Amino acid sequence: MTTIRHIEHEQIVHRCFRCGYCKYPSDYSDFNCPSYKAFGWDTFAPGGRMWLTRAWLHGEIETSARFAEIMFSCVACDNCKDQCVFPKFKDFLPDIFQETRAELVGEGRIPPGVRDYFKAVAVSGNPYKLPQSERGDWAKGTGLKPYTNQKYLFYAGSVGSYDEVGKRMAQSVGKMLVDAGLSVGILGAEEGCDGNDVRALGEMGLFAQLAQANIDTFKAKGVKEIITLDPHALNTFKKDYPALGGKFKVQHYSEVLAELIKKKKIKLKAYPVKITYHDPCYLGRHQQIYSAPREILKAIPKAEFVEMHRHGANAFCCGGGGGNFFTDILGTAEDSASRVRVREAAETGASILAVACPNCAKMLTDAVKMENLEDRLEVLGLAEILERARK
Amino acid sequence: MSDILQSLIDIVGEKGVSNEPEELWFYSRDPGVLAPHKPDYVVAPKTTEEVQKIVQLAGREKIPVVPMGNGMSLAGLVIPLKGGIVLDMKRMNKILEVNPMGRYAVMEGGTSQGALKSYLQKNHPTLRHSLPDAPPTTTIAANVSLHGQGRLTNQYGFNSDMVTGLEMVLPTGEICRIGSPSIGPYWFSKGPTLPDLSGLFLGWLGATGIITKVGLKLFPNKKIRDVELFVTDRVELVPQILYKLTHLEVCEDINVWFQPKPQMFLGNFHVTIFFTGDTEDEIEFKRKMIWDSLQEHMDAKDGGFMSVQYMKSTLLEMPGRTIADFADVPKGGGFEYSGPIALIEHYPQYAAKVVELAQKYNVLYASAARLISGGHAMMFSISFAFNRDDAAMMERVEKALDEAMTFALDMGGIPWKPNHKEQKMLLERMEPNARKLLLMIKKNLDPQGIMNPGNWEVNA
Ligand SMILES: Cc1cc2nc3c(=O)[nH]c(=O)nc-3n(C[C@H](O)[C@H](O)[C@H](O)COP(=O)(O)OP(=O)(O)OC[C@H]3O[C@@H](n4cnc5c(N)ncnc54)[C@H](O)[C@@H]3O)c2cc1C
Ligand code: SF4
Ligand code: SF4
């Protein structure tokens, strides 16, 4: 077969068996690929995507709005990478989908929502099209100072800086870090978009620009250690920035808070409440950070921690990964990821759904409303919960 | 927009039907070696009534309807050979009832094996079903439509023998219940003591109707499962070994496998013996029975039990993920197998044939046989892996499998999940009156020939 288009991993695309293990968590309890769950066609499952990618590379199917929808509805949650049956091969599944999206970006055939997202980030530096000058406003009242030469840079990211739910989360983390006496500062209006989702959606040129600008700023300011609010930022800072010359020590705030609790820098009182926790894909499957958030929640005296049926490496994505937070290709129907996820959280009987990512916070907060669960379930960031339990 | 497309949208809504090139391309093929053929529409119903309306529409318009689970038979059974509608049943995936005391479950016709396994584990941990080693995405209704076999087949027969009732949408659009649910609310018998009408549907590969609900027997899920692995290089002893093991009546499942890769397996026949118990005492008692039964072969140095320690968890996994791995041994993501149902005494001839065909066609083989009903027969898999990017290799595999099936028929075996070519070979050999009976049934049930046409197409 002749190949008329090219992607980096084209040599292995044909190896997908289409068996579908990758649709599931390890116990097969429900579909764990958010786009398959939402759309219900095999073409929207990882195997379908692999087979269609191959057909498309060989010119058996053309570029179309449907093909783009199929590719851009993958939320880069990495479940397929964990669950596929073929060792080694499986590590490249999300890369193949990302490379295909990049190729579509190159051809200029992308869904309108994706195009608008790129444009907003390129023009305004954030997807909300809000002024750069307002980027640091969220930090007012937290005690956080501009970054000069403190030990840590606290990186809030676009959602933490501009979205109402995200800002609350950023504020609570910021306050917690300051109160614990950490030497930490923020970039405020000098902070740039991390580019993780731009990259996931395949706009490699824009990603390179964003990443380079951030790296230059970090270096110019003498930043050595970064604490991120957003696991998306954590992911790209750790995975992609080093290759571009950006080598920093990067931690997620949950790791830092867990450490501060252990060192008794954050002291907690009894808070009798039942809590469950949603693993963000970029923190869990992408970065293998599962225990720090749980350590935090388990450290709260009298709080009862319960797991959702799908948790840890088997967690179901909130649907906000890989840029879908902004592009919303998965939609908000009954089987959309965020709605499925909050129903699963409610089943545990918990009254708090703890989150560690501002994207998840927003997705799940909205879904709680759609599912009419406001009376039963509150979505809160880890630090927001700690605020209630702090002595 | 065509009238048919609009009518389908009226039935299942816009999200339930597609005639986009992407779905048509994907649903025109399966992972095996047979050539694809495009459907005109792919439709994903959510209720029995939707299935009924789709079938009625197809009847009016004389369009083929091909029910599909996960399309993993590898035998092209869901390739729409004559176009029409591929009916993706997987959105009908509710587990409707488990009767723990009656040990049966009832689910919709697109429910996956994985979903039932997981549901039972969570809600009824003392119960299990006969899980095949097919990927967990494959559906229960599809499996009984092709007389599948699973982990409990050695003890209780084909998985289709474990059906306890059906709800069918007939090719004429009527909804019909089969077995005890046709009389009352309980789903405990597919036939007896009535005339067993389930035979009009089980094994028919969707050519006589669509299963919208299926009842299935459940069995005790013992607390402990264990496995022993007996290895011999004397193929002629395999039938006897199996005979001795089945005489014990203590084994959950017995498989015999041989493969050339990795090298350590070459030349040996591996008998995997699974057994279960509620206590360590029960397990040890059964283990002793198993060992004792094969003592004379060990004394004669014809074989021995191999330590399973390092591969125990792999062997005990259900479904066995590593079975799918075979597809990627030539780094090409494909394999296909014929699985004739044959007599155990013929094991050595079948084994020799696999190796002969692999050499002749220069392809990689693996074989695993599973005992059926305590040894009345076995499913002997003749599997060849291929590289999906190598059309010539795929062609060689297809030829090797054709030849394997001719051999199996010559040996008096019957093909399992036969592809459309094998069905023709089989029908040609069938005793004429039996063939006439099949034709009569098919014609009466599906007078317009709309159900999975190309399959079980009996010519007068
Ligand atoms: C790695 C591997 C291991 C396997 N191991 C086993 C095993 O241990 N045991 C075993 O039995 N099989 C095994 N198989 C073969 C096959 O995957 C199974 O038989 C499986 O049950 C097929 O299910 P499916 O949903 O993919 O069927 P499909 O291919 O979708 O359908 C099979 C047939 O059923 C019909 N059908 C589907 N749904 C319906 C319905 N609702 N009503 C009427 N007809 C319907 C279809 O038209 C078709 O003719 C294995 C396959 C693989 C790849
Ligand atoms: S990606 Fe892996 S698990 Fe998924 S269908 Fe392909 S081979 Fe199977
Ligand atoms: S990364 Fe997630 S959304 Fe994308 S194909 Fe894999 S499982 Fe589906």
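These legends describe close-up views of a predicted model.

**View 1. The site of ligand 1 is shared between chains, because residues from chains A and B surround the ligand.** Of the 39 residues around ligand 1, those that come nearest are Pro67(B), Gly69(B), Asn70(B), Met72(B) and Gln149(B). By class, 22 residues of this shell are nonpolar, 14 are polar and three are charged.

**View 2. Backbone atoms of chain B lie by oxygen atoms of ligand 1.** For Pro67(B), a backbone N or O atom is 2.6 Å from an oxygen atom of the ligand. The corresponding distance is 3.1 Å for a backbone N or O atom of Leu205(B), and a polar backbone atom of Ser73(B) is 3.3 Å from an oxygen atom of ligand 1. On its own, ligand 1 has 970 Å² of accessible area, and the protein covers 98% of it. In chain B, strand E3 (65-68), helix H5 (140-145), strand E10 (210-217), helix H11 (321-325) and strand E16 (333-338) each give two or more residues to the shell. H5(B) provides the largest share, four residues.

**View 3. The shell around ligand 3 includes Cys33(A), Cys74(A), Cys77(A) and Cys80(A).** Other residues around ligand 3 include Pro34(A), Pro46(A), Arg49(A), Asp78(A) and Phe97(A). Nine residues of the shell are nonpolar, one is polar and two are charged. Helix H2 (46-57) and helix H4 (79-83) of chain A supply at least two shell residues each.

View 4. The closest N and O atoms of the pair are 2.9 Å apart.

**View 5. Glu69(A) and Arg66(A) form a salt bridge in helix H3 (residues 65-72) of chain A.** Their closest N and O atoms are 3.4 Å apart. Glu69(A) is partly exposed at 25% relative accessibility, whereas Arg66(A) is buried at 15%.

**View 6. Lys151(A) and Glu225(A) meet in a salt bridge through their side chains (3.0 Å, N to O).** Lys151(A) lies in the loop between strand E1 (145-146) and strand E2 (152-155) and Glu225(A) in strand E4 (residues 225-228) of chain A, so the pair ties together parts 74 residues apart in sequence. Lys151(A) is partly exposed, with a relative accessible area of 44%; Glu225(A) is buried at 15% relative accessibility.

How values were computed: Residues numbered from 1 in each chain as written. Chains lettered and ligands numbered in written order. Predicted model: local features only at pLDDT ≥ 70, side-chain atom pairs only at ≥ 80, totals over all residues. Heavy atoms only, no water. Near = heavy atom within 4 Å. Nonpolar A, V, L, I, M, F, W, Y, C, P; charged D, E, K, R; others polar. Polar contact = N/O pair within 3.5 Å; in protein donor to acceptor, adjacent residues only side chain to side chain. Areas by Shrake-Rupley, 256 points an atom, 1.4 Å probe, with all protein chains shown as cover. Salt bridge = Lys/Arg side-chain N within 4 Å of Asp/Glu carboxyl O. Buried < 20%, exposed > 50% of the residue type's maximum accessible area, 1.4 Å probe, protein only.
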